[in-house]
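Biologist: I would like to learn how to read a model like this one, step by step. Could you take me through it?

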Amino acid sequence: MDQDLSTYKAGFVALIGRPNVGKSTLLNAYLGQKIAAVSPKPQTTRRRQLGILTLENAQIIFMDTPGLHIPVHKLGEYMNRVAEETLEDADVLVWLVEAHRLPGEEDRLIAQRLRQLRHAPPLILALNKVDLVSGEDLPAQHAAYAELAPQAVRTILLSATTGQGRDDLLQAILEFLPVHPPYYEPDQITDYYERDIAAELIREAALLHLRDEVPHAIAVRIDEYEERDENTAYIHATLFVEKESQKPIVIGKGGEMLKKIGTTARMEIEAMSGRKIFLDLHVKVNKNWRNQPEALRWLGYTLKR
């Protein structure tokens, strides 16, 4: 890099918020490509993922985190710990809330956790989904969230999907980012490998096509990711469910549901990788895996430290 490093800014920005508030959507929008799974269902994000945005004079390392929520199983407890550890690692916090609804119990939980931080970084409050709220309701919603976060150094009105306020949020982040040399090479956009992203995109497809509790009971393991040449790759993956009764739902009559999930996932993986993908999916039962510490470990749901 040829930049003047005496003024170059770089740092870690934690995207926090309750489940389904739009963190992954915002991350994908800033990077201009899909690296994080997105779904209308809550708790899509299960691990921390970095999204690295390198600009001319700055490098913003977004940390996409699971939504802080009230857990009902050990996977949920793990997800909360991931999100809470990320708060301690951040140079800047961006708290995404939903502008079209008043604060709920999970928002108050986040506000309490932020007050408990030992070394609180600058906090930016981002009222997302402003495209879904009427102008006459916005001041009341705004005031309710501002009351929860009196320490916020900026408040941004935002729509991660339409783009409204995205540049304003980016400028606010840059204002509070520390002077530091870049942490990553300019062409790196995430800390995930292609096989990791592929697993998330397969799970996203399951979230899209399945209903009720079934998609949340699914974990995806990539058993084989073979690059056959620079234009093609073969992926063998296993979808784990928690109950015998869930397996036929995921497979579907005559294999139709699994085929539907595979087709959607394959198209997303091809768009992400730029390769033609041969995708082979199988379904297995691992009873009650979300409450089994050993299963969580071998499925990769373990803390880094």
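Biologist: What is the mean pLDDT of the chain?

Modeller: pLDDT is the predictor's confidence in each residue, from 0 to 100; here the chain has a mean of 87, and 91% of its residues reach 70 or more. Confidence is lowest in helix α2 (residues 74-89), at a mean of 76, and highest in α5, at 97. This is a predicted model, in which local features need pLDDT of at least 70 and side-chain atom pairs count only at pLDDT 80 or more, while totals for chains, interfaces and linings use all residues. Residues are numbered from 1 along each chain as its sequence is written, and side-chain values use heavy atoms, with hydrogens and water left out.

Biologist: In what order do the six strands of the open sheet lie?

Modeller: Strands (E, at least two residues) and helices (H or I, at least four) are DSSP runs, numbered from the N terminus, and two strands pair if DSSP finds at least two bridges between them. The order here is β2-β3-β1-β4-β5-β6, with mixed pairing. Because β2 (49-54) and β6 (154-157) stand at the edges, each with a single partner strand, one side of each is left without a neighbour in the sheet. Within this sheet, β1 (residues 9-16) and β4 (residues 92-98) run parallel and are joined by four bridges, and L15 stands opposite V94 in β4.

Biologist: Which helix lies across β4, β5 and β6?

Modeller: Contact means heavy atoms within 4.5 Å, and angles run from 0 to 180 degrees between N-to-C directions, with axes being lines fitted to C-alpha atoms, for helices over the stretch in contact. Helix α4 (residues 138-148) lies across those strands, running at about 150° to β5, whereas α2 lies across β1, β3 (58-64) and β4, at about 150° to β1.

Biologist: At what angle do the axes of α1 and α5 cross?

Modeller: The axes of α1 (residues 23-31) and α5 (residues 166-176) come within 12 Å and cross at roughly 85°. That makes α1 roughly perpendicular to α5, a label for angles of 65 to 115 degrees, while those under 35 count as roughly parallel, over 145 as roughly antiparallel and the rest as oblique. Here L26, A29 and Y30 in α1 meet R166, L169 and L170 in α5.

Biologist: Where does UniProt place the KH type-2 domain?

Modeller: The unreviewed UniProt entry places it at residues 210-287, and such annotations may be inferred rather than shown by experiment. Over residues 210-287 the chain is 31% helix and 40% strand.
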